[in-house]
Amino acid sequence: MSLRSSSRILSSFVGDHFLNSTPPLHQLFRYNPGSRHVSMQLSRTLTGLTSLLFNRRNLDELPNTKRKRLKPGKVSPRRPVPDHIPRPPYVKSKQPPGIASGSEVHDEKGIECMRASGRLAAQVLEYAGTLVKPGITTDEIDQAVHQMIIDNGAYPSPLGYGGFPKSVCTSVNECICHGIPDSRVLEDGDIINIDVTVYLNGYHGDTSATYFCGNVDDEGRQLVQVTEECLDKAISICAPGVEFNKIGKTIQDHADKYRYGVVQQFVGHGVGRVFHADPVILHFRNNDGGCMLLNQTFTIEPMLTIGSIDPVMWNDNWTVVTEDCSLSAQFEHTILITQDGAEILTKC
């Protein structure tokens with residue numbers, strides 16, 4: 001990826017670990033040389049503004065809302081996976097492999113494998129959504145997701161990816177993405193994104209949705225609804241030969257109607273035999289080139305915010321929250337480009 005005068009872009013599932021990854025930096029990041037957010041790592045450690053924002057996390061109450069500021073809880077030990085279940089290659093290394101070059105384009109056998117992994121991911125996500133209620137911890141959701149995945153002979157793709165310690169991402173309220181399941185109890189009025197990826201028979205299926213916990217206010221409900229609409233509208237324009245930048249325009253146009261922000265630093269990606277591959281899918285207006293190919297698989301996963309679109313990463317090097325602690329929502333599907341348009345692989 002060439003450098004451009006815009007915010008840095010990361011894969012949909014990375015942390016600061018990518019600063020030490022094998023691919024050249026220009027293939028992974030975009031940045032504005034004059035921006036305070038050139039790098040989440042640098043902005044956290046070197047700028048007064050972001051240091052102030054980190055210090056503010058110690059304050060529980062948020063202005064103009066009953067919602068409390070999100071704080072990290074206790075993370076339980078890594079859950080075991082039976083030896084007979086095949087692991088993705090990256091599990092043996094604590095360094096994430098980065099975005100693999102080359103698109104995920106499949107033959108008939110590969111398409112059937114993608115349908116199977118996508119279907120299982122969708123079933124796991126659907127089950128996880130039924131668990132969302134006040135009083136449950138995100139760690140309990142992780143335990144249930146982990147068990148269902150391994151019971152179906154699959155591996156939970158996030159587990160061990162670049163050192164990620166859990167089997168699912170649980171991103172609550174102002175968390176944009178990559179929330180680590182922990183001892184925090186979900187509260188009435190929370191929203192939570194659950195991001196599930198399974199590795200089944202050598203193929204990854206990747207999906208996520210944002211759920212309501214108890215009685216969510218109208219502001220939160222509308223954000224979640226519009227975010228899902230953005231994903232649906234983006235999928236509807238996909239077909240062989242369509243330019244990838246149409247995805248970002250479609251999402252941004254709909255989000256703009258409600259004055260929501262579209263997070264730019266985290267992107268969709270090719271998915272299949274590898275977790276993250278070309279193409280990089282931008283969710284905002286852009287002039288990037290490239291067209292969709294028949295039998296290609298990739299994710300679309302817009303993240304919308306009520307306020308700031310600027311991300312701040314916690315000290316765990318994974319959890320990413322909005323700079324102003326405003327609510328964020330996300331939805332994601334893995335899709336297959338077909339002759340007639342796009343098939344959603346991550347539906348039950």
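Tutor: We begin with contacts: two residues are in contact when heavy atoms of theirs lie within 4.5 Å. The model before us is predicted. Among its contacts between residues at least 6 apart in sequence, 73% join residues at least 24 apart.

Student: How many helices and strands does the protein have, and what share of its residues is buried?

Tutor: There are six helices and 17 strands. Of the 348 residues, 58% are buried.

Student: Which residues have the most contacts inside the largest nonpolar core?

Tutor: The general idea is that nonpolar side chains tend to be buried together in soluble globular proteins. Here the largest nonpolar core has 60 residues, and those with the most contacts inside it are Ile141, Ile194, Ile247, Phe298, Ile300 and Leu304. At least two residues of this core come from each of α3, α4, β6, α5, α6, β11 and β16. Helix α5 gives the most, with seven residues. A second, separate core has 14 residues, including Ile150, Tyr161, Tyr199 and Phe275.

Student: Let us turn to the backbone. Which residues are joined by a cis peptide bond, and where does Asn201 lie?

Tutor: Most peptide bonds are trans, and most residues other than glycine have a negative phi. In this model a cis peptide bond joins Asp278 and Pro279, with omega about 5°. Pro279 is placed in strand β10. Asn201, although not a glycine, has a positive phi of about 50°, and it belongs to the loop between β6 and β7. Asn295 is also not a glycine and has a positive phi, of about 70°; its place is the loop between β10 and β11.

Student: Is Asn201 buried or exposed, and how does Asn295 count?

Tutor: Exposed means over 50% relative accessible area, and buried means under 20%. Asn201 has 61%, so it is exposed. Asn295, at 22%, counts as partly exposed.

Student: What surrounds a residue in a loop, for example His283?

Tutor: A loop residue can be read by its accessibility and its contacts. His283 lies in the loop between β10 (277-281) and β11 (297-300), and with a relative accessible area of 1% it is buried. Leaving out residues up to four places away in sequence, the residues it touches include Gly248, Ile251, Phe266, Ile300, Glu301 and Pro302. A polar atom of the His283 side chain lies 3.0 Å from the backbone nitrogen of Glu301.

Student: Which residues does Glu332 contact?

Tutor: Glu332 sits in the loop between β15 and β16 and counts as buried at 0% relative accessibility. Beyond neighbours within four places in sequence, its contacts include Asp195, Asp206, His269, Thr299, Ile300 and Glu301. The C-alpha atom of Glu332 is separated by 7.0 Å from that of Pro302, 30 residues apart along the chain.

Conventions. Residues are numbered from 1 along each chain as its sequence is written. This is a predicted model: local features need pLDDT of at least 70, side-chain atom pairs count only at pLDDT 80 or more; totals for chains, interfaces and linings use all residues. Side-chain values use heavy atoms; hydrogens and water are left out. Helices (H or I, at least four residues) and strands (E, at least two) are DSSP runs, numbered from the N terminus. Buried means under 20% relative accessible area, exposed over 50%, partly exposed in between (1.4 Å probe, protein chains only). A polar contact is a pair of N or O atoms within 3.5 Å; within protein, one must be able to donate a hydrogen and the other to accept it, and residues adjacent in sequence count only if both atoms are side-chain atoms. A nonpolar core is a set of buried Ala, Val, Leu, Ile, Met, Phe, Trp, Tyr and Cys residues joined through side-chain atoms within 4.5 Å.
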